Amino acid sequence: MRHHKLALCEECYLEWFPEQTKRAIERYRMFGPREKILVAVSGGKDSLSLWDVLLRLGYRADGLYIHLGIDGKGYSDRSLNYVEKFAARFWGASFKVVDVKALYGKSITELAREKLRGRKICSLCGLVKRHEMNRLAYEGGYDAVATGHNLDDEAATLLGNALRWQAGYLARQAPVLPSTHPKLARKVKPFCRLYERETAAYAILRGIEYIYDECPFAIGATSIFYKEILNQLEVHSPGTKLQFYLGFLRAREEGLFSKAMEGLELGECEKCGQPTTAPKLCAFCRLWES
Ligand code: SF4
């Protein structure tokens, strides 16, 4: 790990990695040892490694797999298969599966075909995932929803938001988003300071099998392009991504974007009851009604 000027053997790496995760959890006050955590698992290396690390650290962590019905080469079914394998092989860990098509009548692929109207499929998919994560967390009495976003994800998002100076998005990009409504779950990203290569190394060393393929809809995504740019910077100057992200978090803590958070009042959606800034229906219900 050139950015840390550190080289570790397998045994030490498997100690180091959970320790770094624990430090981030404590540093940003993500959750405490008695709280119930819902881990959003996709079948990829980051979310399965996160679930594994949280269980190794002794947290009460259950999984949630959202079956989106992405059918390119059976992507969603294959992803679920890795989640099931992980749960059975490693911990007998408990997890729930939410099937979007069974619940709402259409898969993400089908929904996208009908409702895109200039919107990107990932923005529809993100909306559905956020809604379902929040719903399941509230119904299951979970204290926080944990996602496997790593440093590469966060740095790429930050770059995208900074290029357009989207103050609202910058204000809401954080390792922990507190609950600002009784029905809104706290969101946490325990891997936000760990490089993607580090989560991959952890998964491989732990023998976690995960889906290698990207979602077919991720091909050509701008976020992937931003990641490539950041990777080039990292080659020239190891540690760039980490400094970029940590410098942003410091500026954020010092109140650089606090004005952008003002005036965000949350009400409840008239249909599903989930928190929303919209006057009547939340964006999720508007999507299905339109
Ligand atoms: Fe959904 Fe886009 Fe991610 Fe695929 S790449 S799972 S469509 S957000």
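The model is predicted, so local features need pLDDT of at least 70 and side-chain atom pairs count only at pLDDT 80 or more, while totals for chains, interfaces and linings use all residues. Residues are numbered from 1 along each chain as its sequence is written, and side-chain values use heavy atoms, with hydrogens and water left out.

Around the ligand stand I70, C122, C125, K129, C215, F217 and A218, where a residue counts as near if one of its heavy atoms lies within 4 Å of the molecule. Six residues of this shell are nonpolar, none is polar and one is charged. In this scheme Ala, Val, Leu, Ile, Met, Phe, Trp, Tyr, Cys and Pro are nonpolar, Asp, Glu, Lys and Arg are charged, and the others, Gly among them, are polar.

L48 itself belongs to helix α2 (residues 45-56). Helices (H or I, at least four residues) and strands (E, at least two) are DSSP runs, numbered from the N terminus. With a relative accessibility of 0%, L48 counts as buried; buried means under 20% relative accessible area, exposed over 50%, and partly exposed in between, using a 1.4 Å probe and protein chains only. Leaving out residues up to four places away in sequence, L48 touches V41, G43, Y82, V83, F86, I208, E209 and Y210, contact being heavy atoms within 4.5 Å.

Next comes helix α7 (151-163). α7 is mostly covered, with 11 of its 13 residues buried. The buried set runs through L151, D152, D153, E154, A155, A156, L158, L159, G160, N161 and A162, and these residues pack against α8, α9 (196-206), α10 and α11. Within α7, N161 has a relative accessibility of 9% and so counts as buried. Beyond four places in sequence, N161 is in touch with Q166, Y169, L170 and Q173. In the loop between α7 and α8 sits W165, which has a positive phi of about 45° although it is not a glycine. W165 is exposed, with a relative accessible area of 63%.

Helix α11 can be described in a similar way. The 14 residues of α11 (residues 240-253) should span 20 Å at 1.5 Å a residue, and its end C-alpha atoms are 20 Å apart, which agrees. Its buried residues are T240, K241, L242, Y245, F248 and L249. An α-helix has 3.6 residues a turn, so residues three or four places apart point the same way. The cover over the buried residues of α11 includes α7 (151-163), α8 (167-172) and α10 (222-236). Just after α11, G255 takes a positive phi of about 95°.

α11 also contributes three residues to the lining of the second largest pocket, the largest share. On a 1 Å grid over the protein atoms alone, a pocket is an open set of points where a 1.4 Å probe fits, with protein on both sides within 12 Å along at least five of seven lines, and lining residues have an atom within 4 Å of a point. The volume of this pocket is about 160 Å³, taken as the space filled by probe spheres set on the points, which are joined across faces, edges and corners. R27, Y28, R29, A174, P175, V176, L249, R252 and E253 line the second largest pocket; five are nonpolar, none is polar and four are charged. Of these, R29 is found in the loop between α1 (10-27) and β1 (36-40). R29 is exposed, with a relative accessible area of 73%, and has a positive phi of about 50° although it is not a glycine.

Two loop residues complete the tour. P190, in the loop between β6 and α9, is buried, with a relative accessible area of 1%. The C-alpha atoms of P190 and F31 are 159 residues apart along the chain and separated by 9.9 Å. Not counting residues up to four places away in sequence, P190 touches T21, A24, I25, M30, F31, L50, A146 and T147. H181 lies in the loop between β5 (176-177) and β6 (186-188) and, at 11% relative accessibility, counts as buried.

How values were computed
The expected span of a helix is 1.5 Å times one less than its number of residues.
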